Amino acid sequence: MLSLCCIMALLALSCPETSGNTAGVKVKLTQKGLEYGQKIGIPILLKKLKAIDLPEMNGSVGVFLIGRVAYSLTGMKVLNVRLPQSAVGLVPGIGVSLIISDGYIDTGGNWRVKFLGFISDSGTFDLSVCGLTITTTITIKSDGTGRPMVRSANCEASLSHARIRLRGGASWLYNMFNGYINKKVRKELQRKICPLVSENIQKINSYMKTLNVLKKIDRYAEIEYGLTESPVVSVSSTELSLKGEFYNIGVHKKPAFAPTPFSLPPNERNMLYMGISAFTANSAGFVYKNAGALRLRITDKMIPRAFPYRLNTKTFEALIPQIAKQYPNMMMKLLVKAATAPTVTFAPNNVTLQANTTVTVYAIQPNTTLTTLFILNVDASLSAHVYVIRKNLAGKLSLNKFNIDLGTSYIGPFKVKPLASFLQIMLKIVIPHVNVILQRGFPLPNIANISLVKPRLVIMKDYVLIGTDVQFKP
């Protein structure tokens, strides 16, 4: 039961009609995922039912030819529970229904009777309760902190009949009034089942609190996955709309752009589907640009030794003659810096990153002082390969094309075009450094103890779709 709702509300989650227009991320649980929750949740419920604490029962009953007989049942323990039939289903607009039927419970304990004022007897007993039925609805809402919250509503439990057998003493005589005891024990068990179900469903909310609503990525950024609206339950699935927005650490500044509404397709093959929008990726670029993290200094040490040209003024002599004249025999340094936040575009089976950068070229004086030579403006188009690794969405960039023009020159005018080949080589040094960061990935929305199983990723218009099964390990 615990696992059933963890998976369900987890990422719980197709309602093409869902309104969540402010959602950067959507998560959908299908009927297949719900049934997986049922499969692993019922054994947990069985374990809880076996742990029911049954109180001592006392009473008296009139017996033919004997008169009033006082009895007590003590040391009652649940010995076995079976729940052979169960079913889960979605209740549109509310949550999940759970129905368990034809279950039975075996208990045992000690009995003692006293009658005629001075005669007493004792022994042990076995009690079998059959026809156990539990029906409840599990509602899913927002808890006000951006996480899903579940609770049990409209719970009903019934036991059709019970049979007690007394052993030891004059049990053959006392078995004549076991119908009375059966009724009382059945009533007591029936009274305890729904509170037990409700209590354990409430415990699921402790798992819900592990949903990474605000997750630190690194020293620059964190990502928020809080709900933007209450979960939406339809006939075929349950869907969560999550914010999916990056922020600078401790500073929640909004970008100038907003999420583009999107709907998850009506796929049912996997247990769980997640849609990660271009808004989420672009909010990351906005945040890292604001933090000043999108910059890289390139020195000669970063150029492979096998490369025939070094990063010095002599190399540039053929391209820009005045450099070698004004700054002879000096090493050089490049500063590649984002001029604007990079922009990610998702189109079917294609991811493109547009980056506008500046490349500032320095000469390193003998006293290590940097002298600015010129600044280039570079517009680059890159393709991205996006994939899932563990619980993270990761990527790898490759250069498509770029354009350059001269921004500012401190050494006089010169032609930029001859620099194109050299600059392309420099970009091939920059991109692997960026890929190291991208390959770490950023965390997908998840709940503790949930693992993704064989995730499949498809690039859709305006978002990335991840279809996956899940595994819960308590």
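Predicted model: local features only at pLDDT ≥ 70, side-chain atom pairs only at ≥ 80, totals over all residues.
View 1. Gly144 lies 208 residues from Thr352 in sequence, and the two C-alpha atoms are 36 Å apart in space.

**View 2. Strand E17 and its pairing with E15, E16 and E18.** Strand E15 (residues 332-338) pairs with E17 in the antiparallel sense over seven bridges. Here Lys337 has Thr358 of E17 as its bridge partner. Strand E16 (residues 343-347) also runs antiparallel to E17, with five bridges between them. Ala347 is bridged to Asn350 in E17. E17 and E18 are antiparallel too, joined by 13 bridges. Ala355 finds its bridge partner, Ala380, in E18.

**View 3. Two hairpin turns at E17.** The hairpin of E16 and E17 has two residues between the strands. In this turn, Asn349 has a positive phi of about 60°. The hairpin of E17 and E18 has five residues between its strands. There, Thr368 has a positive phi of about 75°.

**View 4. The largest cavity and its lining.** About 50 Å³ of space lies in this cavity. Its lining consists of Phe316, Leu334, Val359, Val361, Phe374, Leu376, Leu419, Phe422 and Leu423. At least two lining residues come from each of strand E17 (350-364), strand E18 (370-389) and helix H8 (420-438).

**View 5. The largest nonpolar core.** This core has 125 residues. Leu73, Leu83, Phe316, Leu373 and Phe374 have the most contacts inside it. Helix H4 (residues 178-208) gives the core its largest share, 11 residues. Another core, of five residues, lies apart from it; Phe262, Tyr273, Tyr463 and Leu465 are among its members. In soluble globular proteins, nonpolar side chains tend to be buried together.

**View 6. Contacts of Leu73.** Beyond residues up to four places away in sequence, Leu73 touches Glu56, Met57, Asn110, Trp111, Phe125, Ile164, Ile181 and Val185.

**View 7. An open sheet of six strands.** The strand order is E10-E11-E1-E13-E22-E21, and the pairing is antiparallel. Strand E10 (232-233) and E21 are the edge strands, each pairing on one side only. Strand E13 (residues 272-277) pairs with E22 over six bridges, in the antiparallel sense. Tyr273 stands opposite Gly467 in E22. Eight bridges link strand E21 (residues 450-459) to strand E22 (residues 463-472), again antiparallel. Leu452 has Val470 in E22 as its bridge partner. Three residues lie between the strands in the hairpin of E21 and E22, where Asp462 takes a positive phi near 75°.

**View 8. Helix H5, largely enclosed by the rest of the structure.** H5 (residues 278-290) has 13 residues, so at 1.5 Å a residue it should span 18 Å. Its end C-alpha atoms are 18 Å apart, in agreement. Of the 13 residues, 10 are buried, so the helix is largely enclosed. Those buried are Ala278, Phe279, Thr280, Asn282, Ser283, Ala284, Gly285, Phe286, Val287 and Tyr288. Gly292 follows H5 and has a positive phi, near 75°.

How values were computed:
Residues numbered from 1 in each chain as written. Heavy atoms only, no water. Core = buried A, V, L, I, M, F, W, Y, C linked by side-chain atoms within 4.5 Å. Buried < 20%, exposed > 50% of the residue type's maximum accessible area, 1.4 Å probe, protein only. Helix = DSSP H or I, 4+ residues; strand = E, 2+ residues; numbered from the N terminus. Contact = heavy atoms within 4.5 Å. Pairing = 2+ DSSP bridges. Expected span 1.5 Å × (residues − 1). 1 Å grid on protein atoms, 1.4 Å probe; cavity = no way out; pocket = protein on both sides within 12 Å on 5 of 7 lines; lining within 4 Å. Points joined across faces, edges and corners; volume = space filled by probe spheres on them.
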